[in-house]
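Please look over the sequence and the three-dimensional structure shown here before turning to the report. The text is meant to be read with both in view.

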Amino acid sequence: MSKILVFSEFQNNNLKRSSQELLQFAAKSGAESVIGFSLGSQAGANAAQMAHHGATEIHLSKDAGFDAYNPELFSAAAAEAIQKTGATIILASASALGKDLFPRVAAKLSCGVVSDGVEITIVGDDVKVKKPLYSGKCFATAAFENSSVKIVLMRANQLPVVAADTTKTANITEHNFAKPNLKTLIKEIVKGTSEKLDLTEANIIISGGRGLKEAGNFKMLNDLADVLGATVGATRAVVDAGWVGHSMQVGQTGKTVAPSLYIAVGLSGAIQHLAGMSGSKVIVAINSDANAPIFQKATYGIVGDAFEIIPKLTEEFKKALHG
Ligand SMILES: Cc1cc2nc3c(=O)[nH]c(=O)nc-3n(C[C@H](O)[C@H](O)[C@H](O)COP(=O)(O)OP(=O)(O)OC[C@H]3O[C@@H](n4cnc5c(N)ncnc54)[C@H](O)[C@@H]3O)c2cc1C
């Protein structure tokens, strides 16, 4: 039987949905133990959340030196934690941090790492991961060979999450991880201004394209997003035009998202855009051109002018959801 370690990420001291997914999945996998692992001065205060989502053991360091992500520091600590706990399967989110950190950890431990998982099965120590290739044009199933530790980075929103069970508890072990001689120092992290949920974590996304005509018209999408509790995304065309920031770009050279609902407004559905959002569960396309490629991917399509349709949708959702 395997021990599964879940590298848990927090945003504003809340366990990210992607980490909730992994802990809950690990808890159902029949593992001998589910180890919640987190680093930083808030790790102790946040530990209970990992237990509520299924961690049976928690390993952490409250060292404030981990408050800012430093690849050298984090990879040394993660490798040490894996060795000390005897975990053989490591689950983490295929977030920017996860993708930077875990190839380094894999190199330290001489083990395999599979990134961008969209499906995973664990039977005993056997791990299989389905992942997209060539910008989602096809899928591969990856397995591990001769790897005593198996690291899997899963995309967010691929696994179900149920409400936290706040009665669950876990044993907590605090570590003093050895610190390597650092070759790089993080001096400052400048956070983005958005208060909204990051696109990769969002359950509902409304993305706008060039059909919105100008930057100011994104207000229309923001209004609908406020009513639906959604996050607003964009195509590269509008990011390149300077209408919105790059952090909002969905696609091959932007973010990969897989929300429950993706509303594509005034965007054509270029292959590079689809690469970032075709894993969405329900896709609604609104486009004035009935032949736009996005309709081939859409679950529901509305052929029409976004400037007429979006305000109407906003009004109707306001009535339906907020009385
Ligand atoms: C290497 C590379 C990487 C790339 N990476 C990305 C990426 O990560 N993400 C990305 O998005 N793109 C990416 N692109 C760009 C991509 O090829 C497209 O150019 C881009 O996605 C098009 O953006 P768009 O759909 O907003 O614009 P357009 O293709 O111009 O589509 C605008 C759409 O709006 C519709 N429309 C117009 N008026 C209205 C209206 N009033 N109401 C409703 N609909 C209306 C039109 O019918 C049209 O379908 C990349 C390209 C390359 C070469």
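The report below treats the sheet and its helices, then the ligand, then a helix with its cover, and lastly some individual loop residues.

**The sheet and the helices on it**

In this predicted model, an open sheet of 7 strands is arranged in the order β7-β11-β6-β1-β4-β5-β12, and the pairing is parallel. Its edge strands are β7, covering residues 112-117, and β12, covering residues 171-174, each of which pairs on one side only. On average, and with direction ignored, neighbouring strands of this sheet are turned by 20° against each other.

One of the pairings can be followed residue by residue: β1, formed by residues 3-7, and β4, formed by residues 33-39, pair in the parallel sense over 5 bridges, and the bridge partner of V6 in β4 is G36. Helix α2, residues 43-52, lies across β4, β5 (57-61) and β12, and runs at about 160° to β5.

**The ligand**

Which residues are closest to the ligand? Of the 26 residues that surround the ligand, the closest are R210, T235, T253, S268 and N287.

| Residue | Protein atom | Ligand atom | Distance |
|---|---|---|---|
| R236 | backbone N or O | oxygen | 3.0 Å |
| T253 | side-chain N or O | nitrogen | 2.6 Å |
| G254 | polar backbone atom | oxygen | 3.4 Å |

Taken alone, the ligand exposes 990 Å², and the protein buries 75% of that area.

**Helix α5 and its cover**

The buried residues of α5, a helix that spans residues 218-228, are F218, M220, L221, L224, A225, V227 and L228. An α-helix has 3.6 residues a turn, so residues three or four places apart point the same way. The cover over the buried residues of α5 includes the strands β13, β14 (231-234) and β15 (261-265), together with the helices α6 (236-240) and α9 (306-322). Just after α5, G229 takes a positive phi of about 70°.

**Individual loop residues**

Positive phi values also occur in residues other than glycine, and N157 and K213 are examples of this. N157, which is not a glycine, has a positive phi of about 65° and lies in the loop between β11, residues 150-154, and β12. Is N157 buried or exposed? N157 has a relative accessible area of 3%, which is under 20%, and therefore counts as buried.

For K213, phi is near 75°, and the residue is placed in the loop between β13, residues 204-208, and α5. K213 is exposed, because its relative accessible area of 58% is over the cut-off of 50%.

A further lysine, K187, lies in the loop between β12 and β13. With a relative accessible area of 80%, which is over 50%, K187 is therefore exposed as well. The C-alpha atoms of K187 and A68 are separated by 8.8 Å, although these two residues are 119 residues apart along the chain.

Technical notes
Residues numbered from 1 in each chain as written. Heavy atoms only, no water. Pairing = 2+ DSSP bridges. Helix = DSSP H or I, 4+ residues; strand = E, 2+ residues; numbered from the N terminus. Axes fitted to C-alpha atoms, helices over the stretch in contact; angles between N-to-C directions. Contact = heavy atoms within 4.5 Å. Buried < 20%, exposed > 50% of the residue type's maximum accessible area, 1.4 Å probe, protein only. Near = heavy atom within 4 Å. Polar contact = N/O pair within 3.5 Å; in protein donor to acceptor, adjacent residues only side chain to side chain. Areas by Shrake-Rupley, 256 points an atom, 1.4 Å probe, with all protein chains shown as cover.
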